[in-house]
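Subject: Structure handover

Hello,

Here is the structure for you to look over. My notes follow below it.

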Amino acid sequence: MTAVTGDRPVAAGNGSWARLARSEALRGFALVSPTFLYALLLLLAPILVIVAFSFWTQDYLTIDRTFTLANYREAWTEPLYRVLMLRSLAVSAVVTAATVLLAYPMAYYLSFHGGERKALWLFLITIPFWTSYLLRVFAWKIVLGYNGVVNASLLELGIIAEPMEFLLYNVNSVVITLAHAWAPFAILPIFVSLEKIDRSLLEAATDLGDGPLRRFLRVTLPLSLPGVIAAALIVFIPTVGDYVTPRLVGGKDGLMIANMIQVQFGKANDWPLGAALAVSTMVIVTAAALLFVAFTRQLSTRFR
Amino acid sequence: MKLRPLGVYAFLYLAFLYVPVLLLPIFSFNDSSIVAFPLKGFTSLWYAELWHNDTMHGALWNSLKVAIACSVVATVLGICGARALTRYHFPAKGGVAALIMLPLVLPEIIIAISLLVVLLQLGFDLSLFSVTLGHILMAVPFSIAVLSSSFEGFDRSLEEASLDLGEGPAATFFRVTLPIIAPGILSSLLITFTISLDEFIVAFFLSGTDPTLPIYIWSQLRFPGKLPHILALGSVLLVASFVLLSVAEAMRRRAARRVGASGGLL
């Protein structure tokens, strides 16, 4: 550590500060480099390899490295893939809307009326989010199944004569399960953005004659919008590529694009096509996310 | 009181979060192989079966090995990352941080297939080692999120004082920095351990012949007769996760208090 002492000329002081800044940048970079290199080698490089694969072809075990768009042509024109992709996007959109809408009042309650137990509430909400995803999804199979909790209980009570088959193995059960599994993800970002709101702004709105509803619509909601956007993205992006839920509770009609990607890398053994499907999914999801952010921003400026 | 409806909503919401999950432990003690209400009576038979199941023990052992390796490496990488990102300014810091934190939002299947392709192309065999590599990648962002709250409020003058008093950088790190952030480190170890223990997708793609616990569970879900037994296993896992996370949260708060920060987990 070098300190700039008072009796040195100013120019020299600047020079040593510049050196210090340089060495600090260097030290910061050196410190982050193991973590960065790990992500570079095991995340970025593999994703680039997947992108490369999507332009190649495979014949049994040999990979033909000639550039081709054939995989993308198939991924984008084959009706089955199109159905799965559209279904994935639709399911995720519905799940995102449901989780964010349900989470907002909860986050609002926590932030404004949580009181001294705020930390406990937060902890209780985050706990299920850390526990096994597989088991949380599986729990819904127990709830909704043919011999599941809902059917068996209703049968026992004499409310229904036959188990209801429409509860499980369709798109609805996928939506319910995903909305439950991702609920805690939506609460946290909204809660954080609500916490950041300066409470005196709300008082000002009240003093200036806004009722509770107008105050909410004109002050609280716009200021918490970044949290809402973050929550929506945090739920939307990963759920499009979810594999477990459609596989466990989706049945034939609830399968999504990740299940097809898995098939291409597994049984079908067509890595390039699987890669093209994966890259297409990433591109579409990113585009959808950017559109969503732009749209919400536009909407919020118009309302304010 | 005016706030009532919202309070009721909050309780209902919490019930929605918990009830499906709590069905697992409830039915794990049910004296019937059919999972349905009404409950048929209390039994610990399924837990006894679990105790004598060698395949499950093998999977548990595999999971523990992976989770321990993952938590140690991810936390070391997390310490480097969190310290560099909170303490230093360097060029392209935003991009570096974005890449490191990317696994938080990337669909897991993308991580799984890209690692699968690269490892197979490089001639590696799929094993517990490849699963560990994937788990570390996914756990590092969480480690950084936890440790950042330890580093953010860190009073740098303590380290400078140590250096001024003649300790070297290494001694300063071990005698000043480490004790202050120790609860944060413990919290990170526990959370990354739990993430690895519960992770399924990446393990599903990258494990060879040795199954981890979630893969064992997945393989058993096909057999309706095995259901109560899986419920018992799931309940044990839930309780273990809950205990680990409670300790982790207590530690993280202690770490945050030590440095005077009040940052949340995410």
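Two residues are in contact if their C-beta atoms, placed from the backbone, lie within 7 Å. Helices (H or I, at least four residues) and strands (E, at least two) are DSSP runs, numbered from the N terminus.

This is a predicted model: local features need pLDDT of at least 70, side-chain atom pairs count only at pLDDT 80 or more, and totals for chains, interfaces and linings use all residues. Residues are numbered from 1 along each chain as its sequence is written, and chains are lettered from A and ligands numbered from 1 in the order in which they are written.

Chain B overall

Chain B has 11 helices and 0 strands. Its C-alpha atoms fill a box of roughly 70 × 65 × 30 Å along the principal axes. Of its 266 residues, 47% are buried (20 or more other C-beta atoms within 10 Å of the residue's own; exposed means 12 or fewer, partly exposed in between). Among contacts in chain B with a separation of 6 or more, 79% join residues 24 or more positions apart.

The interface

In chain B, 68 residues are in contact with 73 residues of chain A. Helix α1 (residues 4-28) of chain B gives the most to that side, with 14 residues. By class, the chain B side has 56 nonpolar, 8 polar and 4 charged residues. Here Ala, Val, Leu, Ile, Met, Phe, Trp, Tyr, Cys and Pro count as nonpolar, Asp, Glu, Lys and Arg as charged, and the others, Gly among them, as polar.

A helix pair in chain B

The axes of α7 (residues 156-164) and α8 (residues 169-198) of chain B come within 10 Å and cross at roughly 140°. The axes are lines fitted to C-alpha atoms over the stretch in contact, with angles from 0 to 180 degrees between N-to-C directions. That makes α7(B) oblique to α8(B) (under 35 degrees is roughly parallel, over 145 roughly antiparallel, 65 to 115 roughly perpendicular, the rest oblique). B:Leu158, B:Glu159, B:Ser162 and B:Leu163 in α7(B) meet B:Thr172, B:Arg175, B:Val176 and B:Thr177 in α8(B). This contact has 3 nonpolar, 3 polar and 2 charged residues.

Two helices in chain A

Helix α11 (residues 257-265) of chain A is largely enclosed by the rest of the structure, because 7 of its 9 residues are buried. Among them are A:Ile257, A:Met260 and A:Phe265.

A:Leu120 sits in helix α4 (residues 118-130) of chain A. A:Leu120 is exposed, with 10 other C-beta atoms within 10 Å. In α4(A), A:Leu122, A:Ile125, A:Pro128 and A:Trp130 are buried.

Best wishes
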